[in-house]
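Please keep the sequence and the model open beside them as you read.

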Amino acid sequence: MNWAALEGLLNGVNKYSTAFGRIWLSIVFIFRLLVYVVAAERVWSDDHKDFDCNTRQPGCTNVCFDYFFPISHIRLWALQLILVTCPSLLVAMHVAYREVKEQKRRAAGGDGCRHGYLSPGKKRGGLWWTYLLSLIFKAGVDAVFLYIFYRFYRNYTLPRLVKCELPPCPNVVDCFISRPTEKTIFTLFMVVTTCICIVLSLMEATYLISKRCRECLLASSQDSALSHPEPTGTEGQVFHGTDYNPPVASIPLTASIPSTLPEEETLP
């Protein structure tokens, strides 16, 4: 495996993720991918070879193994990891497409041209929908594979002894699974990490939706404030309705006003 190429790819995906997305990517890379590559493949490498049945009937062991292990754990996990990590790569490819488109626009119109994307990695427009749909897809894939594991392997556990009576077995035969306890522990570990990844994806989706709703509410409030400006010179005044009658102040009379003016004195 080319770890340098994988590290560069993960850094590109991590660059455009939120805090929840970075935690999700760390869990997938450390607790799922590395455990799968380092330990899980070795645990299930001898599942068919060491599946023993107490019969020598040709074909009986193969038929019983196919009945109890219709799909190997290790192949299901490989398919699950591929489907889960693909949406994150699509987000990185969408950002790369935006950057290439912006470079072509600048090359055609020069530095003074209008920018199509002020920040190609910012989750706006189509990139926001791509990121949100990738979160929903990842959570859905993990949930579907949890259901598949539960249907094929009841309670995610492997018994030590299974009884098989399928033809061409001559009668009911006992078959023994190799290292069932170790395989059960790894299965439960992968189930727990998958549940954590589902919760992180749903939390990140909720965070993105709530953030977008808050931004829309703030934008609508600012637009309403700009469309109804405050009249000039009316600071501190209180406006009433049209049916408001202002109170009339009564001025008390302090002195009586004479009805006639005094006659002018005649000069001698």
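1. Let me begin with cysteine 216, which is partly exposed at a relative accessible area of 46%. The closest cysteine sulfur to that of cysteine 216 belongs to cysteine 213, and it lies 6.4 Å away, too far for a bond. Please keep in mind that this is a predicted model, here and in every point below.

2. With 35% relative accessibility, serine 210 is partly exposed.

3. Now to the cysteines that do pair up. How many disulfides does a search of the whole structure find? There are three. A disulfide, as you know, is a covalent bond between the sulfur atoms of two cysteines. Counting the bonded cysteines along the chain, the pattern reads 1-6, 2-5, 3-4.

4. One of the three disulfides joins cysteine 53 to cysteine 175, with an S to S distance of 2.0 Å. This pair links distant parts of the chain: cysteine 53 belongs to strand β1 (residues 52-53) and cysteine 175 to strand β3 (residues 173-176), 122 residues apart. The torsion about the S-S bond is about 105°, which makes the link right-handed. Cysteine 53 is buried at 13% relative accessible area, and cysteine 175 is buried at 0%.

5. Next comes the disulfide of cysteine 60 and cysteine 169, whose sulfur atoms are 1.8 Å apart. Cysteine 60 is in helix α3 (residues 60-68), while cysteine 169 is in the loop between β2 (161-164) and β3, so the bond ties together parts that are 109 residues apart in sequence. Is this link right-handed or left-handed? With 95° about the S-S bond, the link of cysteine 60 and cysteine 169 is right-handed. Cysteine 60 and cysteine 169 are both buried.

6. Helix α3 also supplies cysteine 64, which is tied to cysteine 164 in strand β2, so parts 100 residues apart in sequence are held together. The sulfur atoms of cysteine 64 and cysteine 164 are 2.1 Å apart. Do look at the torsion here: it is about -90° about the S-S bond, so this disulfide is left-handed. Both cysteine 64 and cysteine 164 are buried.

7. My last stop is glutamine 80, in helix α4 (residues 73-109). Is glutamine 80 buried or exposed? Its relative accessibility is 2%; because buried means under 20%, glutamine 80 counts as buried. The side chain of glutamine 80 makes a polar contact with the side chain of aspartate 142 at 3.0 Å.

8. To see what surrounds glutamine 80, leave aside residues up to four places away in sequence. Glutamine 80 then touches Arg32, Val141, Asp142, Phe145, Phe149 and Thr194. Asp142 in that list is the partner in the polar contact described above.

Conventions:
Residues are numbered from 1 along each chain as its sequence is written. This is a predicted model: local features need pLDDT of at least 70, side-chain atom pairs count only at pLDDT 80 or more; totals for chains, interfaces and linings use all residues. Side-chain values use heavy atoms; hydrogens and water are left out. Helices (H or I, at least four residues) and strands (E, at least two) are DSSP runs, numbered from the N terminus. Buried means under 20% relative accessible area, exposed over 50%, partly exposed in between (1.4 Å probe, protein chains only). A polar contact is a pair of N or O atoms within 3.5 Å; within protein, one must be able to donate a hydrogen and the other to accept it, and residues adjacent in sequence count only if both atoms are side-chain atoms. Contact means heavy atoms within 4.5 Å. A disulfide is a pair of cysteine sulfur atoms within 2.5 Å.
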